[in-house]
Amino acid sequence: MSAPREEPIALYIDADACPVKEEAYKVAFRHHIRVLVVANAPLMVPRHPLVERVIVPAGSDAADDFIAARVSRGDVVVTADVPLASRCVAAGAAVIAPDGRPFTANSIGMQLATRNLMEDLRSAGAITGGPKPFSPRSRSEFLSALDLAIVRLKRAGFRPAPPPEAG
């Protein structure tokens with residue numbers, strides 16, 4: 001296994017429809033992890049030295065392309081977008097859905113196939129329902145999964161962000 005890279009752990013949030021941004025900030029602040037909140041419209045983010053708001057041009061895949069072009073082993077991505085998750089898993093990042101479900105190299109193929117099948121069914125006019133409602137349990141499972149992903153990276157030798165300079 002190769003040595004950890006020099007850059008600190010970064011947490012990328014695919015933010016346009018992410019229901020767990022506040023939870024992600026709390027975990028990131030506790031672990032001193034840099035957070036990049038990526039969206040194609042301005043969003044409110046905490047005024048904190050670890051948080052960077054990234055506004056990408058309008059377009060269906062602009063945020064996905066920004067994230068996928070930058071992530072690597074030692075980063076964490078929060079997204080419900082299965083194609084983006086697939087790209088990030090391929091880059092070596094830890095990827096977590098807002099409900100706490102991890103996207104892994106072992107599961108992403110089936111998740112992509114299921115997503116594509118459901119998209120085909122919907123385009124053919126089938127009524128397929130939607131995702132399960134987001135619940136307090138989903139929020140709790142996300143918090144646990146994100147904390148675990150960061151702890152694993154730290155144990156593997158990846159480091160948090162340096163403390164902000166005193167000003």
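Before anything else, a word on pairing: two strands pair here if DSSP finds at least two bridges between them. With that settled, here are my notes on this predicted model.

1. Strands 2 and 3. Strand 2 (residues 34–39) runs alongside strand 3 in the parallel sense, and the pairing spans five bridges. If you want a spot to look at, Ala-39 sits opposite Ile-55 in strand 3.

2. The overall layout. I count on five helices and six strands for the protein. Reading from the N terminus, the elements go β-α-β-β-α-β-α-β-β-α-α. The chain has 167 residues, 38% of which count as buried. Looking at contacts with a separation of 6 or more, 53% come from residues 24 or more positions apart.

3. The six strands form an open sheet in the order 3-2-1-4-5-6, and the pairing is mixed. Which strands stand at the edges? Those are strand 3 (51–55) and strand 6 (102–103); each has a single partner strand, so one side of each is left without a neighbour in the sheet.

4. Strand 1. This strand also pairs with strand 2 in the parallel sense, again over five bridges. Leu-11 has Val-35 as its bridge partner in strand 2. As for cover, five of the five residues in strand 1 are buried. Ala-10, Tyr-12 and Asp-14 point one way, Leu-11 and Ile-13 the other, and all are buried. Do note that Asp-14 is on that buried list.

5. Helix 2 over the sheet. Helix 2 (residues 62–70) lies across strand 1 (10–14), strand 2, strand 3 and strand 4 (76–78). Relative to strand 1, helix 2 runs at about 160 degrees. Angles over 145 count as roughly antiparallel, so helix 2 and strand 1 fall in that class at about 160 degrees.

6. Helix 2 with helix 3. The axes of helix 2 and helix 3 (residues 82–90) are 9 Å apart, and the two pack at an angle of about 10 degrees. That makes the pair roughly parallel. On the helix 2 side the residues are Asp-64, Asp-65, Ile-67 and Ala-68, and they meet Leu-84, Arg-87 and Cys-88 in helix 3. By class, this contact has four nonpolar and three charged residues, with no polar ones.

7. Helix 1 with helix 5. Here the axes of helix 1 (residues 21–31) and helix 5 (residues 136–155) come within 10 Å and cross at roughly 30 degrees. Are they roughly parallel or roughly antiparallel to each other? Roughly parallel, since the cut-off for that class is under 35 degrees. The crossing is right-handed. Helix 1 contributes Glu-23, Ala-24, Val-27, Arg-30 and His-31 to the contact. From helix 5 come Arg-139, Phe-142, Leu-143, Leu-146, Asp-147, Ile-150, Val-151 and Lys-154. The tally for the contact of helix 1 with helix 5 is seven nonpolar, one polar and five charged residues.

8. A backbone detail at His-32. What stands out about the phi of His-32? The angle is positive, about 60 degrees, although His-32 is not a glycine. His-32 lies in the loop between helix 1 and strand 2. With a relative accessible area of 21%, His-32 counts as partly exposed, because buried would need a value under 20%.

Methods. Residues are numbered from 1 along each chain as its sequence is written. This is a predicted model: local features need pLDDT of at least 70, side-chain atom pairs count only at pLDDT 80 or more; totals for chains, interfaces and linings use all residues. Side-chain values use heavy atoms; hydrogens and water are left out. Axes are lines fitted to C-alpha atoms, for helices over the stretch in contact, and angles run from 0 to 180 degrees between N-to-C directions. Helices (H or I, at least four residues) and strands (E, at least two) are DSSP runs, numbered from the N terminus. Angles under 35 degrees count as roughly parallel, over 145 as roughly antiparallel, 65 to 115 as roughly perpendicular and the rest as oblique. A crossing is left-handed if the near helix is turned anticlockwise from the far one by less than a right angle, and right-handed if clockwise. Contact means heavy atoms within 4.5 Å. Ala, Val, Leu, Ile, Met, Phe, Trp, Tyr, Cys and Pro count as nonpolar, Asp, Glu, Lys and Arg as charged, and the others, Gly among them, as polar. Buried means under 20% relative accessible area, exposed over 50%, partly exposed in between (1.4 Å probe, protein chains only).
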